[in-house]
Amino acid sequence: MGLGSIGTAVLFVGAGFSVIVTMASNILNGAVTAFVFGLFLLAVAVKNKHGQSLLMRAATKAGWMTTKSKGTHIYRSGPLGRAEWGTAQLPGLAAGSRLTEWKDSYNRPFALLQVPSTSDYTVVIATEPDGAALVDREQVDVWVAEWGMWLASLGDEPGIEAASVTIETAPDTGTRLRREVTSRIDPSAPEFAKRILNDLVDQYPAGSATIKAYVALTFNAAARVGGKKRTPDEMGRELASRLPGLTQGLAATGAGATRPLSAQDLCEVVRVAYDPAAAPLIDTANAAGEPPELYWPEVGPTAHQSNWDTYRHDSALSVTWMMSGAPRGNVPSSVLARLLAPHRDVARKRVTLLYRPIDAAKAAAIVEADVRASTFNLQSSDKPTARSMTATRAALATAQEEASGAGLVNFGLLVTATVMHASQEADARAAIDNLSATARLRLRVVHGSQDSAFAAALPLGLVLPKHLRVPSEVREQL
């Protein structure tokens, strides 16, 4: 009936307990006992199109009501806020994070983000994707194959916990274009030519967008389960030697030029995400050769309010969706092209792919368990459905690929749409709904935890299952 291991165990325990109650008391008490267990199983078995059971939705609503009653959905920081030390530190899941800077083997500075509550360390890599325009199909296929090999190799990295890819589109301020053109104008050029260039610089940025891509790699302080946890100094020295190899392998996937983000760059990315109005000021300061000195305790919002399905932060309002269903059938390399492209109804859009590499030793057991479960479902019915047959073929194909050396990863997707005014929220929602249909994705709005989903969509390497009160393994087995 769609129940997991725990739900099936509750079913048998309830049936046995109802029989015992009937034998020890009377049939009425036994019927009442069976009815109570039946209600619980019904709440677990009844699910909507997003796979959310009635029990899970009720728990989410109850948790949100508790959050509102405590007032923890409202955040005020700064000298007049309620945060300690009078700083504008990050709220929510990233509140206790710490940022340090190191240099890798190529003498490139890189930011090392530590989350003490989960003992995780994250490095962020900035990329310049080449794009698929005017690129042969054979080259695109090579990039896709290299990307799959890179993901598979992550499972062999010691201590790897998760990886995320963030594609962000935002309005172009035109500062970089002006700096590039101004530095190349010949003083002896004709006035007409210089006037044409100046007019182009003034008019071209209007309506244009900039696309940025980041890859965040999260490592656990313990290299293996039960191992000794390493200190920040030990992690910094170890990742300094491993980072060049990771960036070099990433460059072969079509990511273009790759470099690790420095502490200053990461502070700017997070600062602009929470307060988009600061983006022109930061770009202007960088263009003038005077980058603003940002510190990690000061990059958070001065105020935010998390609502049931929206998130208000400083100068903007955001809505975050989560993937509840991946594309079915054959998935071409261009399936996410329109979702990743800039859209005129969304001021800033952030699409984040979340990956959790599975250890090779566990991957074999997982795929074999999927084969047994799908085969049992197929053989337990005289008239198997097309969905059961497709699931069995997919499980067998996955097991065969894993046996041939392919890696296994859990993946998810978050989409964040940010607008500057609340009146633009409806247009942004409609745009994301249309784009998700073209990507063959099933998206649902994150309810009751918009602030956490917003932080998880940033290139911070937050591992959401580690922050759940009820472990994800228990949720899946219900």
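Start by selecting helix α9: the cover over its buried residues includes α8 (263-274) and β11 (348-357). Keep those two elements on screen. One thing to bear in mind as you go is that this is a predicted model.

Now pick out residues 279-287, which make up α9. Which of its residues are buried? They are Ala279, Ile282 and Ala285. Turn the view until you look down the axis of α9: these buried residues fall within an arc of 135°, so they line one face of the helix.

Step past the end of the helix to Gly289, which follows α9. Its phi is positive, near 80°.

**Next stop: Asp314**

Select β9 (311-313) and β10 (316-325), then look at the loop between them, where you'll find Asp314.

**Then on to Arg440**

For another case, go to the loop between α13 (425-438) and β13 (442-445), which holds Arg440. Here too is a residue other than glycine with a positive phi, this time near 60°.

**Zoom out**

Now show the whole protein chain and colour it by secondary structure. You'll have 15 helices and 13 strands to look through. The radius of gyration is 26 Å, close to the 23 Å that the globule rule gives for 478 residues, so the chain is as compact as a globular protein of that length. Along the principal axes, the C-alpha atoms fill a box of roughly 100 × 55 × 50 Å.

If you draw contacts with a separation of 6 or more, 77% of them come from residues 24 or more positions apart.

Finish with the surface and the charges. The accessible surface is about 26000 Å², and carbon and sulfur atoms account for 58% of it. Select the charged side chains and you'll get 47 positive and 45 negative ones, with the centres of the two sets 8 Å apart.

Conventions:
Residues numbered from 1 in each chain as written. Predicted model: local features only at pLDDT ≥ 70, side-chain atom pairs only at ≥ 80, totals over all residues. Heavy atoms only, no water. Helix = DSSP H or I, 4+ residues; strand = E, 2+ residues; numbered from the N terminus. Rg over C-alpha atoms; globule rule 2.2 N^0.38 Å. Contact = heavy atoms within 4.5 Å. Areas by Shrake-Rupley, 256 points an atom, 1.4 Å probe, with all protein chains shown as cover. Lys, Arg positive; Asp, Glu negative; His and termini not counted. Charge placed at Lys NZ, Arg CZ, Asp CG, Glu CD. Buried < 20%, exposed > 50% of the residue type's maximum accessible area, 1.4 Å probe, protein only. Arc of directions from axis to C-beta.
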